[in-house]
Amino acid sequence: MGRSPEKMMKLSDSVIALNVPMLSPVLGPTEIYPALLKDEDGLTLVDTGMLGQFDELKQAVEDAGAQISDIRRVVITHQDIDHIGNLQELVNRIPGLELLAHADDIPYLNGSLPLVKFTSERIAQMPGGFKDLALHFLESLPGLGKFTVLQDGDMPPWGGGAEVIHTPGHTPGHICLYLPNDKLLLAADELRVVDGKLAGPVEWATPDMPLALRSLRKLEGRPIARVLCYHGGLYEGSPQPLIEELA
Ligand SMILES: [Zn+2]
């Protein structure tokens, strides 16, 4: 069933916020906001949605007037399962897909280290069907292919020009992307929108909260006017007051 197209947000000529329904084993039904960056050479997808919920991602991409096959590269903001869940599906469907992530999360993404939060202990507590899917997914990680390394301060050309900001704490290699043309921050999980208000990283899923709060300071010095949060969606305004309160 198609969803109302107004759920998808065109933030500028080069940035679309996808609205993807997600059924989380922890949170229940919720929504997530991957981003689609449009450039002449194709689309850049920022984060991939929840494990086992590829159809929801595909529908959201189509609602945005695009096709999965138009995606040229996938940027992973961090290793959590609701961000990397459809990596395997995307790699299988898109020949030559480029994968990018921060150097400090790549060892987890390629299976050299166990994922920080999506651990075998946690998977063991999950319902049967999801557990099997999760174990299969973990086994698939070493076969995904090579990740291109992103570093703090990188300025890739996606979305008309972006800046990589390394914001560790939620995971070691968590990144935000700043799009100066649109004064837009793609905050991933460094910020959230809760009841219309901007909030910091969620405590229960942030293993190093003091570091995540210090990372907020790294967002300063840019004229951010809008923040897209993976959890909670778009916040219209500057994150500066919240950063001063928390960091
Ligand atoms: Zn998340």
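I began with the lining of the largest cavity, whose residues divide into 9 nonpolar, 1 polar and 1 charged. For these classes I counted Ala, Val, Leu, Ile, Met, Phe, Trp, Tyr, Cys and Pro as nonpolar, Asp, Glu, Lys and Arg as charged, and the others, Gly among them, as polar. The model is predicted, so I note its limits: local features need pLDDT of at least 70 and side-chain atom pairs count only at pLDDT 80 or more, while totals for chains, interfaces and linings use all residues. Residues are numbered from 1 along each chain as its sequence is written, and side-chain values use heavy atoms, with hydrogens and water left out.

I found 1 cavity of 30 Å³ or more in the structure, and the largest cavity holds about 70 Å³ of space. Its lining includes Tyr33, Pro34, Asp47, Thr77 and Tyr230. Strand S12 gives the largest share of that lining, 3 residues. On a 1 Å grid over the protein atoms alone, a cavity is a set of points where a 1.4 Å probe fits but cannot get out, and a pocket is an open set with protein on both sides within 12 Å along at least five of seven lines; lining residues have an atom within 4 Å of a point. Grid points are joined across faces, edges and corners, and a volume is the space filled by probe spheres set on the points. Helices (H or I, at least four residues) and strands (E, at least two) are DSSP runs, numbered from the N terminus.

I looked up the largest pocket next and noted a volume of about 480 Å³. Of its 25 lining residues, Leu27, Asp82, Trp204, Ala205 and His231 lie nearest its centre. Strands S3 (20-24) and S4 (28-32), helix H2 (81-84) and S13 each give two or more residues to this lining. S13 gives the most, with 3 residues. By class, the lining has 13 nonpolar, 5 polar and 7 charged residues.

The second largest pocket holds about 170 Å³. Among its lining residues I listed Leu51, Phe54, Glu89 and His136. Helices H3 (87-93) and H6 (128-140) each give two or more residues to that lining, H6 giving the most, with 3.

**Zinc.** Which protein atoms are donors of the zinc ion? I found Asp82 (OD), His83 (NE2), Asp189 (OD) and His231 (NE2), lying 2.1 to 2.5 Å from the ion. Donors are N, O and S atoms within 2.8 Å of the metal (3.2 Å for Na, K and Ca); water is not among the atoms, so sites may look incomplete. The arrangement is irregular because the 4 donor atoms subtend angles of 78 to 168 degrees. Four donors count as tetrahedral if all angles lie between 85 and 135 degrees; four count as square planar and six as octahedral if opposite donors are over 155 degrees apart and all others between 65 and 115; anything else is irregular.

**Burial.** I recorded Asp189 as buried at 5% relative accessibility and His231 as buried at 17%. Buried means under 20% relative accessible area, exposed over 50%, partly exposed in between (1.4 Å probe, protein chains only). I also checked Ala60, in helix H1 (residues 54-63), and found Ala60 buried with a relative accessible area of 1%.
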